[in-house]
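Please open the model in a viewer and keep the selection tool at hand.

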Amino acid sequence: MLEREFPEGLVIERAPAPGLIFPTENMEGSTKDEIWECLMGNEVGMIGVRGIGGVGKTTIMQHINNDLVREGRFQKVIWVVVSYPLIVSELQTKIVDAMGKTLQEKEEMRRAAKLMEIMGKESFVLILDDVWEEFSLKEVGIPEATVQNGSKLVITSRSAKVCNNLRCKIVEVRPLSPNESLNLFLDKVGRDVLKVEGLEEILNSVVEECGGLPLSIVVIAGSMRGEYDISEWRTTLDELQQCVKSMEGTEDKIFMRLRWIYDRLRSPKIQQCFLYCSLFREDYEFSRKRLIEAWIDEGLINESGSRQKAYDKGHHILNRLERNYLLEKTVKYQVWFKMHDVVRDMAIKSIGPEVRYMVKAGMKLTKVPNEHDWATDLNKVSLMANYISEIPVGFNPKCPLLSTLILADNPNLSEIPSSFFEGMVGLKVLELYGTGIEILPDSISNLVNLFFEGMVRLKVLELYDTGIETLPDSISNLVNLSALRLRCCETLKYLPSLAKLRALKKLDLWMAGIEVVPQGMEMLESLEYLDFYCQNLKEIPTGILPSLSSLQYLVVHPSISITKGINLEEVARLSKLESLECGIEGIQDFNYLVKKSKDFESLIAYDLRLSTSKQYLTGLGFRV
């Protein structure tokens, strides 16, 4: 027997898990067993899990996904959300990402061949969730799952035609039985309600109104959690019965039940925050912080006096929407959220007659909608996540009431003609992040000049992750601008004077390419949020910070430490400062900060990073 000593100890690396584990809760229904038998047997290679929206297809497959990962029979368990529209290149990328691989190839057929090669090396279960369109496995690069290769393919879809096109064995997901519905409802609402005298019959009737659909059950049960007043339950039953009374189809009834939850929010502010989320493409994932920041910038949250209060209000709204299952946490990041596609459909349909949206996000558009689609009463337009490459010269939609325009994530859009904005005299929010735009047309900056008196003016300009190199001097004419978001604009080298932007509350330059502080900064007395995390920026000149009397949130790059490039005495004079992130040279700097802590009356959080390393100190306040 061979013996060997390991003086420093023996470390055995655990093999990576074959797939992702989803956080799941109790599930009702027997469909899972039928699907599992197909996966474990040798007769079926491809399975189509079919059912109407909200019937629980995704939930069933998340449970099965977890069982497959734990069971370890397959080398890879791959979960991909497809959604509408199906874009082959995106689907290819999602699959290789889930496998921990990459595709270097650019051309679609070569990518398909490489993906076919990668997937052919291991036995797999590929779960494609929320498939709306027919597609070719070969064109994507997915090997056909057969008994010979030992792999399996599962799709979830509302369409039997999609399942048949792939020659899948169809497993129907049907509504829950009355007993299963009651068990799921009680799991979500809490079994304490059974102790309420006289409630059982009303409770059973409320459950019956859910139609056996898990989405309706969890949403309605979640809204009633903690409610023990029998009169409230009677009112709920009456409202549910009335809202579906005239509805014939199952999907219409689902919509009305979800609409009842939306109405039950009873807060116009929360409802507007919820509807804002519908402007983004299907299955878009929001980070908690960025969503709250967007609500603040849009004016949906306006807690005067404190940005922290605004954040707290944002967290409250997010938690409320999550508790009511109108937003759900994503799998990978528990601080990120998404909308169920059925809930998103309800949100878009729920926009009242006094407000009109045009939402064509993620629709594979290569051109902007025709001029007749741009109705004069439009309030918000979202064309994000498309393939729009140009806007015709002379195209001038007449939309005087348009307040929000989202052209984000159109990477091929590199130029906008000056005529495009001339009919949008009420434009308040313009989002161009993720586009190929490098130059802004004059008309953006001239909105105020053209329509000065009595007109709503641009308040939010978003250019995140664009290739813009400079902003025109005339942007200073946007005197009502309250948020200028230039995150990740690495090629941005120059900002004109900001002296006239007296209404500016937020200036976000995180990882922008600027090398010097813009002129006129000292005039921004309304500025509350300043992110100067710019690695090329070496200092903040003396005299600027004390002028920013409203500043509450300050971030600077670690290379700008409190003894090099930033004056701590000036920082200490920011009486409203609530959050500080900057660099320190060493422990002596930290001690100096502690000594000065009495000067930071409003400081709630800090993040101090050593300028010469990746170490940092973080915490709540400086109180010692």
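The stops that follow begin with the nonpolar cores, continue through several helices and end in loops and a strand.

This is a predicted model, in which local features need pLDDT of at least 70, side-chain atom pairs count only at pLDDT 80 or more, and totals for chains, interfaces and linings use all residues. Residues are numbered from 1 along each chain as its sequence is written, and side-chain values use heavy atoms, with hydrogens and water left out.

**The cores**

Select Phe185, Trp233, Phe274, Trp295, Leu321 and Met384, the residues with the most contacts inside the largest nonpolar core, which has 98 residues. A nonpolar core is a set of buried Ala, Val, Leu, Ile, Met, Phe, Trp, Tyr and Cys residues joined through side-chain atoms within 4.5 Å. Buried stands for under 20% relative accessible area, exposed for over 50%, and partly exposed for the range in between, with a 1.4 Å probe and protein chains only. A second, separate core of 77 residues includes Phe420, Leu427, Leu440 and Leu568.

**Helix 10 and its surroundings**

Next, select residues 230–243, which form helix 10. Helices (H or I, at least four residues) and strands (E, at least two) are DSSP runs, numbered from the N terminus. Which residues of helix 10 are buried? They are Trp233, Thr236, Leu237, Leu240 and Cys243. These residues cover an arc of only 140° around the axis, which puts them on the same side of helix 10; the arc is that of the directions from the helix axis to the C-beta atoms.

Around Trp233, setting aside residues up to four places away in sequence, the contacts (heavy atoms within 4.5 Å) include Phe185, Val189, Leu203, Val206 and Met224.

Keep helix 7 and helix 8 in view: they pack at an angle of about 105°, with their axes 10 Å apart. Axes are lines fitted to C-alpha atoms, for helices over the stretch in contact, and angles run from 0 to 180 degrees between N-to-C directions. Helix 7 is therefore roughly perpendicular to helix 8, a term for angles of 65 to 115 degrees. Ser181, Leu182, Phe185 and Leu186 of helix 7 meet Leu203, Asn204, Val206 and Val207 of helix 8 in this contact.

**Helix 13**

Move to residues 288–298, helix 13, where nine of the 11 residues are buried, so this helix is largely enclosed by the rest of the structure. Among the buried residues are Arg288, Glu293, Trp295 and Asp297. Gly299 follows helix 13 and has a positive phi, near 85°.

Select Leu461 in strand 13. Leu461 is buried, at a relative accessible area of 0%. Apart from residues up to four places away in sequence, Leu461 touches Leu430, Leu440, Ile475, Leu481, Ala483, Leu484 and Arg485.

Asp465 lies in the loop between strand 13 (460–462) and strand 14 (483–485). Is Asp465 buried or partly exposed? At 42% relative accessibility, Asp465 counts as partly exposed. Its phi is near 55°, a positive value in a residue other than glycine.

Finally, select His557, in the loop between strand 17 (553–556) and helix 18 (568–572). His557 counts as buried at 14% relative accessibility. Leaving aside neighbours within four places in sequence, His557 contacts Phe532, Tyr533, Cys534, Gln535 and Gly583.

Technical notes:
Expected span 1.5 Å × (residues − 1). Parallel < 35°, antiparallel > 145°, perpendicular 65-115°, else oblique.
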